[in-house]
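Have the sequence and the structure open as you read.

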Amino acid sequence: MKILNSFGPNPRMLRMFLAEKGLKMDMVEHDILTGENRESGYVKKNPGGQMPALELDDGTILAETVVICDYLEELHPTPALIGSNAEERAEARMWNRRIEQKITENIYAAFKYAEGIDMFKNRVRCLPEAADGLKASAQDGLAWLDDQITGKTFICGDRITIADLVLYCCTNFSAGVGQTIDASLDNVNAWFNRIDQRPSAKSSLHPAAEKTGMKG
Ligand SMILES: N[C@@H](CCC(=O)N[C@@H](CS)C(=O)NCC(=O)O)C(=O)O
């Protein structure tokens with residue numbers, strides 16, 4: 001089994017997940033900056049054309065970051081980063097879905113349509129006119145989350161989950177490309193600093209992060 005890996009906040013989320021679990025896996029590098037992930041060799045394996053993916057020993061390819069995490073948690077249940085019972089797993093998935101829909105998908109789309117447009121204009125349909133609205137929607141989502149996590153250490157209370165890793169990797173990346181967490185959001189900023197101090201935050205950064213100046 002091996003990870004098809006690259007620079008970028010989604011592959012970083014998977015690397016952070018592995019680090020939090022204490023798992024080491026083989027990685028095969030792909031260069032997203034030159035678009036290797038959009039070439040036929042990779043797209044034949046993962047028609048979604050995005051990173052990361054997981055290649056099983058029989059050649060089966062699993063893609064979508066959180067789905068890969070789901071699969072790996074079934075193989076390696078502890079420490080649980082989704083949950084150790086049905087209720088905990090549902091809670092983590094519920095928060096993760098809210099975070100993706102209200103915050104991270106808006107941030108990533110806005111990046112593609114604005115600061116990242118030179119990289120993405122020949123890869124996906126870009127809607128530059130939507131960028132400002134998406135950025136504002138992401139800020140609305142972060143403001144909503146700020147209230148929701150009052151008194152909590154992590155998004156799901158006292159246990160770190162995939163929801164924290166998804167939001168951390170996205171907001172750490174986006175801060176470097178013009179989408180920062182508003183300074184008035186005390187709970188989200190305190191939460192960010194807590195995650196940022198974990199060893200997995202540093203160890204999950206790709207070597208290309210230094211070269212690009214972006215946290216991925
Ligand atoms: N929905 C996918 C999104 C993956 C994604 O956006 N990957 C980025 C890197 S963070 C990528 O491959 N970017 C290059 C491209 O889209 O060409 C997932 O959750 O895994």
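This is a predicted model: local features need pLDDT of at least 70, side-chain atom pairs count only at pLDDT 80 or more; totals for chains, interfaces and linings use all residues.

## Starting at Pro9

Leaving out residues up to four places away in sequence, Pro9 touches Tyr108, Cys169, Phe173 and Gly216, where contact means heavy atoms within 4.5 Å. Pro9 sits in helix H1 (residues 9–21). Helices (H or I, at least four residues) and strands (E, at least two) are DSSP runs, numbered from the N terminus. At 10% relative accessibility, Pro9 counts as buried; the cut-offs are under 20% relative accessible area for buried, over 50% for exposed, and partly exposed in between (1.4 Å probe, protein chains only).

Residues are numbered from 1 along each chain as its sequence is written, and side-chain values use heavy atoms, with hydrogens and water left out.

## Around the ligand

Which residues are around the ligand? They are Gly8, Pro9, Asn10, Pro11, Asn37, Arg38, Gln50, Met51, Glu64, Thr65, Phe120 and Arg123; to be near, a residue needs a heavy atom within 4 Å.

Thr65, one of the residues around the ligand, lies in helix H3 (residues 65–75). Thr65 is buried, at 9% relative accessible area. Setting aside neighbours within four places in sequence, Thr65 is in contact with Asn10, Met13, Leu14 and Pro52.

Glu64 isn't a glycine, yet its phi is positive, at about 80 degrees. Look for Glu64 in the loop between strand E4 (61–63) and H3. With 56% relative accessibility, Glu64 counts as exposed.

There are cis peptide bonds to look at too. One joins Met51 and Pro52, with omega about 5 degrees, and Pro52 lies in the loop between helix H2 (40–45) and strand E3 (53–55). Another runs from Thr78 to Pro79, with omega near -10 degrees; Pro79 is in the loop between H3 and helix H4 (86–113).

## Helices packing on H8

Two packed helices are described by the angle between their axes and the distance between the axes. Axes are lines fitted to C-alpha atoms, for helices over the stretch in contact, and angles run from 0 to 180 degrees between N-to-C directions. Helix H6 (residues 131–148) and helix H8 (residues 186–196) have axes that come within 7 Å and cross at roughly 85 degrees. H6 and H8 are therefore roughly perpendicular, the label for 65 to 115 degrees. Leu142, Leu145 and Asp146 of H6 meet Asp186, Asn187 and Val188 of H8. By class, that contact has three nonpolar, one polar and two charged residues. Ala, Val, Leu, Ile, Met, Phe, Trp, Tyr, Cys and Pro count as nonpolar, Asp, Glu, Lys and Arg as charged, and the others, Gly among them, as polar.

What about helix H7 (residues 162–175) and H8? Their axes come within 10 Å and cross at roughly 95 degrees, so H7 and H8 are also roughly perpendicular to each other. Asp164, Leu167, Tyr168, Thr171 and Asn172 in H7 meet Trp191, Phe192, Ile195 and Asp196 in H8. The residues of that contact divide into five nonpolar, two polar and two charged.

Technical notes: Angles under 35 degrees count as roughly parallel, over 145 as roughly antiparallel, 65 to 115 as roughly perpendicular and the rest as oblique.
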